[in-house]
Every structure is written in structure tokens, then in C-alpha cells.
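I opened this notebook to record what I looked up, one topic at a time. The entries follow the order of my reading.

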Amino acid sequence: MSRNFAFWPIILVLALITAPLAIMYLFLAIDTVTTSAPGSFWPTRFTLEHWRFLWDAKLTGDVWGPTATTFIFASTMVVIVLTVSSTAGYAISRLNLPFRRLFLSGILVMHAFPAVTLLIGVFLVLQFAGLYNTLIGVILVKTGFSIPFGVWIMKGFYDQVPWEIEMAGVQDGASRFTVWWRLILPQVKPGLLSLGIFVFIDGWSEFMLPRILAPSSNFDVLSTYLNRVSDPDTAQYNFNLVKSVGLFYTLPILALYAVFQNRLMNIFSGGTKG
Amino acid sequence: MQVTLKDFTKAFDDLVVIDKMNLTVKDGEMLALLGPSGCGKSTTLFAICGIHRINGGQILFGDRDVGELPSQKRNVGVVFQNYALYPHLTVFDNIAFPLSVRGDSEQAIDRDVRAMAAMTHIEDLLHRRPSQLSGGQQQRVALARALVRKPDVLLLDEPLANLDAKLRLEMRSEIRRIQLETGITAILVTHDQVEAMSMCDRIAIMNKGEILQVATPTEMYRAPVSKFVAGFLGNPPIVMLEGRAEAGRFAIDSVSLPLPARLASTPEGTPISLGIRPEHFGREGAEAISGVVSFVEPQGRETLFDVTIAQGVVLRSIQPVRSDIALGSSVSWVLDTEHLLPFDANGQVL
């Protein structure tokens, strides 16, 4: 690619702005495996003691329970969001629904709505349904907040599938369901994959809802666990330990991003090729 | 299988696009629905295969009324303009799809797919995906997929529109060959008169939701029922002159041209549109017309001349290549009086 402007000044400016964040990230990683003298910036000794929380439950409490819970939390979200979005997106894209326009604008509004403002209503509903302070309740609420986004994205992907493919399937004698399952769904697979990853990461990072909707429950997700560990008023407080837990918490997301970054890009460019 | 449309009516919301159309396609025949864009030919096609719901009348396959049946129960094969192959499936699986939906056994599917691939000459491509095929090959796959179920009717929606000129010639004869070999009743939708004339047994020409004439290509070319039909068929197109009857002849401004003998007693002053095909000027006939060559277009085997016979009155002549006539030459060429096509003020043939 040829450029009609100099590249390095832009890189320089961007690098300067990003530097504090990048450096802190780097030290987050370095600090988890080193110790440094009090008040000093530079590490003096390599150690794995900050990672003892992985097997020593006495330190911060068991970390694997919250990890499993977080995984269940995020995976359940993925399953529900994908199921609902892949069917609802199809219906909105292709079927002659009554109130289709209303539905579409509703979805957009829901997507743009700050979830926090709904919390009181959500709290009342959960309380009424007996799901307050339960994992299921939190999952349902978080999933509900994610579905409008999912439906909208999937509608975009379905819109890109030529209608002739569908008509050809119908002419070939297949039912509408068979056509959807065997011919259309494979065309939107890239969309499903990106949406799945996106929702998983979203669920994995969720902190606010478990914190507010299940404050006194007997389960932790990693975000609330990290929050507890990083409370400086505890006797065990150790800053490098907090950093280790934090890094442990971000690792899966970094890995997902690294592997699937191209896939995640096309969720915003809105569709498949070919 | 004979296909019959009886009083077929189609409306989109309140707009009636096709009102009480009647058409019969004979068993084993290939019929072209020919017309300009927006004339309702594709709408008719989609109604026959069940994509569009009909608003009135009947669609009969043989004696069976399929007008209210869903597409899946009509047993129609369709080739779409963009082929609509399934991009994620191999050629084999594309062709096998209709059979596997029907629940055929593996062996039966394998046998039928291979037989159909042999007929359409795509045996070597069965393991490829649609994106790895050329336009002509995709067309063959689409044909094979449409025919593998042995449908009652084959519908082709502008099947050659997406091909380049050379492939179009090849696929034209290929589609016809396959249609003749299978003996299937076929309906071809096209806006290209050459396609319609070269591929089909009969042509139904449509305009504004109406069928104007159904005839064999030769008949329709020779004896069009209206000005529209005459203008739609023929390349280079017919020349249409607007004038009136005067003493048994056709008069336009200062020019007087002969009319066919049967119109000798036309009342004075009757408005007439006179259609003159390029091959009926400058070849044979009784009356010579003189003028000045105002345009020469060599077409290889033939040469097309524009001859101005008076201010604003231009006749066209197509002749075997001749180099003796240059731009600006004065010529006196004969007009084939009995083959002229006169139409009345409403565009109906006289």
C-alpha cells in the first residue's frame, strides 16, 4: 500500500498517548512474577509466590470456584443469546412479521439504553420472581441486556444472504425450517462465531450485575472475587497478589482476542463474504 | 406436463400488475416469456413456482390445480438469474440437496446426481465449491440441481443474463439440448429477443402485464400483431414511419410509399404507421426508392445502411457486404411492398 502522508508522526503521537497504559499493563504482568523493594519501581527478584493463590485457598479463598462460576455464567449467556439471536434475527430479516418496524426500533432503543437505569425495575422483578441473590437471576438479566445487540447483529448478517438461496431451497422441496437450518445458518456462521465470542467476553467481564443483584449470595464470579481480594482493608492485602489475580482474570480474554481478532472485526463491518 | 394459466391475476397491495392472463404451455415445449423490464414476466414465473401468491385464477399442471399449493408441493425446477447455488456445499451436495430433502437413499442420490452431472457435462467438478466455478459451470450446476428431481416444469429466469457474450452462445444451445433430451416442459423468462427466438418453440410476448401475442419465433417475426411486437423483435430493429393513407398509398410529408395490395381501399387520410424491416429494402421488390446514404455500419458478414429519402425520413437496409456504396452516395433501391408491416393508429396490424 502506498501512502500519501508521512506515517511516523502519527505513530509517535499515538505511542505517546498510549504509553502510560501500555507500560502499566507491562508492569502488571512483570509484577506478578517478581518482587521489588518498597518504594522502588524496578523488580529485584523473580518469584512465583504471588501465584500461590492458584492452589493455596488460605490466601484469598478458593479461586477455581469463581472461575467455574464465571465460565458457566458466560457460557450460558452465549448459548441463550445465540439461540435467540439466530432465530429472532432471521425472523426480523426475512419473515413478514406484524409490527416488524416497531420491533426493530424497540431493539435499537434497548441496545442503546443504559442498563443501569433499569436496575430498580430489574431488582423488583427478580425479587418478585424469587431470583434475587441467585446465579440464575443474574444470568437471565445479563442475557436479557445482551439479546437486543445479538438480534441486531444477526439481522445484519441474515440481510446479506441472497434471498434466491432461500427460494431455491424452497423450490428444491425443503421446508422453511430445513432451509434455515441447512442452507441459511451456514451462511451466517461467521456472524454466530463472532457474536458468541463477543458475548462470552462480555459475560466474563461482567461485574456490576452480580455485585448488585446478588450481593449476599454464596457464589462469586471472578470479577467480584477480584474486587474482594483487592479490598485494602484485609489482613492479607498484597498488591502483587491482586495483580496476579487480575492477570489470571484477563488471560482468557486476551487469548480469545488474539485468536479471533479478525472474526471480531467483521461483527462491525456487518457481514459475510462470498 | 402441460401448464395452463387460467385468468391468472396478480396484484401487489392494490396495484394489479397482471389481470386475467391466459396462457397454455404444451407438454414438452419450451416457451419464452419475452418483454421489457417491468412487464410482469418474472412475476408470472414466480407465481408459477409459488414464490408469489396468486390473487385470482388458476395455475394447472396437467389437470392438477397448483395455484394454492406451497412451492414445496409443486414439483417445479427453477434456475435463478444468479444461479443461487449453496456456497457452503460442494457441487455434488448442491445437486443432491433436493434428493436428500426428499429422503432418498444414499445410493439413489449418488446414482441420480452422477447421471445428471453426466448430462450437464460437469462430472469433473463434483467435488468443487460454487466459488471455484466459472459462470457457465455454475449455470450447468444450477440446471442439474433444478432437473435432478425430475420436475414437472422447468422455469428459467434470465438464465443467460450474467454470462459474457461467448458463453451465452454456448449455454443457449446447451440449455436447449438438455431441455430436448429430458423432454421437460420449460418456461424461459427473458428480455432478449435473440435468446427467445433461438431457444424456444414458441414465444409469448408481454407488455404491461398483458400477453400480446403467442406464436412461433418465425411467425411472430413475419406477422407481428402490433407495432410493439414488430418493434421488439428484429435486430437491427424495424423502421417505423408515421403517416397517412393517400390514394391507396402511404404518404409522409412529401414522400409517397407503396402499401401492400390488400390495403388499396383504405379510406383517405387514415393515420398509418408503416414498419419496414431492413431486409425488405434494397434486395427485391417492384418499386424503387431513391435517396442518399447517410450512415454505413459494417457488421462483418453484412453491412447496414441508413438511406435518407427526404428530410427526416430515413429507411434502413441490410445487405451482404458491398464496398461500392460509400457515405453520401445516391442510391435507388427497391422496396418489397408485400412484406411491409402497416399498423393503425392504435398500433394494431392492418
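**Entry 1: the sheet of chain B**

I note here that the model is a predicted one. I then looked up the strands themselves: S1 of chain B covers residues 3-12 and is joined to S2(B) by 7 bridges, the two running antiparallel.

Next I asked in what order the strands of the open sheet in chain B are arranged. The order is S2-S1-S4-S5, with 4 strands and antiparallel pairing. At the edges I found strand S2 (15-25) and strand S5 (64-65) of chain B, each of which pairs on one side only. Helix H1 of chain B, residues 41-49, packs on this sheet. I recorded that H1 touches S1, S2 and strand S4 (56-61) of chain B, and that the direction of H1 makes about 70° with that of S2(B).

**Entry 2: a helix pair in chain B**

I turned to helix H2 (residues 91-102) and helix H3 (residues 106-119) of chain B, which pack with their axes 10 Å apart and at an angle of about 125°. H2(B) and H3(B) are therefore oblique to each other. The crossing in which H2(B) passes H3(B) is right-handed.

Which residues make the contact? From H2(B) I listed Phe92(B), Ile95(B), Ala96(B), Leu99(B) and Ser100(B). From H3(B) I listed Ile109(B), Asp112(B), Val113(B), Met116(B) and Ala117(B). Sorted by class, this contact of H2(B) with H3(B) holds 8 nonpolar, 1 polar and 1 charged residues.

**Entry 3: where the chains meet**

I looked up the contact between the chains and found 16 residues from chain A and 18 residues from chain B. Two helices of chain A, H7 (163-171) and H8 (176-184), each supply at least two residues of the side that touches chain B. Which helix gives the most to that side of chain A? H7(A) does, with 6 residues. By class, the residues on this side of chain A are 8 nonpolar, 6 polar and 2 charged.

**Entry 4: chain A as a whole**

Along the sequence, I read the pattern α-β-β-α-α-α-α-α-α-α-α-α-α-α. For its extent, I noted that the C-alpha atoms of chain A fill a box of roughly 75 × 60 × 30 Å along the principal axes. The radius of gyration of chain A is 23 Å, whereas a compact globule of 274 residues would have one near 19 Å.

Technical notes. Residues are numbered from 1 along each chain as its sequence is written. Chains are lettered from A and ligands numbered from 1 in the order in which they are written. This is a predicted model: local features need pLDDT of at least 70, side-chain atom pairs count only at pLDDT 80 or more; totals for chains, interfaces and linings use all residues. Two strands pair if DSSP finds at least two bridges between them. Two residues are in contact if their C-beta atoms, placed from the backbone, lie within 7 Å. Axes are lines fitted to C-alpha atoms, for helices over the stretch in contact, and angles run from 0 to 180 degrees between N-to-C directions. Ala, Val, Leu, Ile, Met, Phe, Trp, Tyr, Cys and Pro count as nonpolar, Asp, Glu, Lys and Arg as charged, and the others, Gly among them, as polar. Angles under 35 degrees count as roughly parallel, over 145 as roughly antiparallel, 65 to 115 as roughly perpendicular and the rest as oblique. A crossing is left-handed if the near helix is turned anticlockwise from the far one by less than a right angle, and right-handed if clockwise. The radius of gyration is taken over C-alpha atoms; the globule rule is 2.2 Å times the number of residues to the power 0.38.
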